[in-house]
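Hi everyone, thanks for coming. Please have a look at the structure on the screen, and then I'll walk you through a few spots in it.

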Amino acid sequence: MSENITPKLVATRGKFARQSWLIERTPLIIGREADCDIVLNEPKISRQHVRLTQLPDGRFQVEDLESLNGTWVNGVPLKGARLLEDGDELDLARMITIVFVASETTEPLAPEEIQESYRLRLDRNARRVFIGNREILPPLSVPQYRLLELLFDANGGICTREDVVSAVWPDDVSEGISEQAIDALVRRLRDRISEFAPNHQYIVTVRGHGFRLEQG
């Protein structure tokens, strides 16, 4: 971490997108209460949601304060405290995404600056999939398309494995669909998408919960 750069937090998704806050002292509390260091007036945010602390060696850690709706770091549920790395994404209650910025090189783009060439679109009538203006060809298989449509319609929300089974294999007995079959399908879909957008992982695994689609 550069000594000349004051770390900061930058909101990239949710009602506070484009706002940023310098981390000039810690501990720093983020939450809904008016006396928090960073106030996020959003009903799903807990009164005191997370705490940032600078350790004696200069590194920062984030701790979930037993928030009701949870915190994720890079898509992984946060339990207790963990160290922060430059560019880590904090997802609070699946409503607000905040990036930890410790260097100038990781300054995130504002939402309207996200490259349209990486936006994923569906033509539902023809079951065609586009990333920007490029169509994924050959077309996705029926199970791959059904999985992608499920995640797309969730609009960033988590789809459980049960949701996947119901959407992808609606005519099969759910008990007959193994965990391995679901994971294999997710892996194949990721591989197909990565052929057209190798620098962005659209399908995020949320351990213990399921999967979600991260557009950009």
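Let's start with Ala93, which counts as buried at 7% relative accessibility; buried means under 20% relative accessible area, exposed over 50%, and partly exposed in between, with a 1.4 Å probe and protein chains only. Ala93 has a positive phi of about 60 degrees, although it is not a glycine. You'll find Ala93 in the loop between strand E10 (89–92) and strand E11 (96–101). Helices (H or I, at least four residues) and strands (E, at least two) are DSSP runs, numbered from the N terminus.

Before I go on, this is a predicted model: local features need pLDDT of at least 70, side-chain atom pairs count only at pLDDT 80 or more, and totals for chains, interfaces and linings use all residues. Residues are numbered from 1 along each chain as its sequence is written, and side-chain values use heavy atoms, with hydrogens and water left out.

Now, is Glu66 buried or exposed? Glu66 is exposed, with a relative accessible area of 76%. Its phi is positive too, about 55 degrees, and Glu66 is not a glycine. Glu66 sits in the loop between strand E6 (60–64) and strand E7 (71–73).

Next, the prolines. The peptide bond from Thr26 to Pro27 is cis, with omega near 5 degrees, and Pro27 lies in the loop between strand E2 (20–22) and strand E3 (28–31). Leu137 and Pro138 are also joined by a cis peptide bond, with omega about -5 degrees.

Pro138 belongs to the loop between strand E14 (134–135) and H1, so let's move on to helices. In helix H2 (residues 161–168), the residues Val164, Val165 and Val168 are buried. They lie on the same side of H2, because they cover an arc of only 95 degrees around the axis (the arc of the directions from the helix axis to the C-beta atoms). Exposed Glu162 and Ser166 are on the face turned away from that buried side.

What covers the buried residues of H2? The cover includes helix H1 (142–153), helix H3 (179–194) and strand E16 (210–213).

Finally, H1 meets H2 through Pro143, Arg146, Leu147 and Leu150 on the H1 side, and Asp163, Val164, Ala167 and Val168 on the H2 side; contact means heavy atoms within 4.5 Å.
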